[in-house]
Amino acid sequence: MRELLAKKASRANSFEVVLLVGNSRKKYQELVSIIQENTSPFSEKAAWAMNHCFENGTGFFDDYFKEFTEILSDKNYSDSIKRNVIKVFQFKEIPEEHQGSVINSCFELVIKKDTAIAVKAFSLGVLENMVKLYPELTNELVACIEDLLPNASSGLKNRGQHILRRLKK
């Protein structure tokens, strides 16, 4: 797997990793271990492949919520790795024991000035989903988005405004 991850970053090479992982729990564990090592560029490419495994309907993402939740809260991981984890979190039902940590991490990532735009956007998506479970977070999310909008990129403004509209219904 490392040989594939050592290749140039491309969608085609990422899908080679997806094919290698297939439905093998052992290979998926290896992929997650490489992400956790946090060694550039292997971990970033492994996180991208993990995201493609999820999109492809393969992999065992649900078995690693604890590990992925810890990655989100760890300031030593790159936005590239966090982006791929949060992107998947948007589409998953997060286990109750990890919800508090995920909510805190997402708010921190949205508020932090130097967080990548995509990480902020995906974090807002996760937070919108969490508000459905915890309506008491609505005001905090609305305030967070309203603070973000004046200096946000057009894409982030668009996402924030759409979320605000849905929250105010």
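Guide: A residue is buried under 20% relative accessible area, exposed over 50%, and partly exposed in between (1.4 Å probe, protein chains only). The model is predicted: local features need pLDDT of at least 70, side-chain atom pairs count only at pLDDT 80 or more, and totals for chains, interfaces and linings use all residues. Residues are numbered from 1 along each chain as its sequence is written, and side-chain values use heavy atoms, with hydrogens and water left out.

Visitor: What makes D62 and K92 a salt bridge?

Guide: A salt bridge requires a side-chain nitrogen of Lys or Arg within 4 Å of a carboxyl oxygen of Asp or Glu. The closest N and O atoms of D62 and K92 are 2.7 Å apart, so the pair meets this definition. D62 lies in the loop between α4 (42–55) and α5 (65–73) and K92 in the loop between α6 (79–89) and α7, so the pair ties together parts 30 residues apart in sequence.

Visitor: Why is K168 called exposed?

Guide: K168 has 58% relative accessibility, and exposed means over 50%, so K168 counts as exposed. The side chain of K168 also forms a salt bridge with E146 (3.5 Å, N to O).

Notes. Helices (H or I, at least four residues) and strands (E, at least two) are DSSP runs, numbered from the N terminus.
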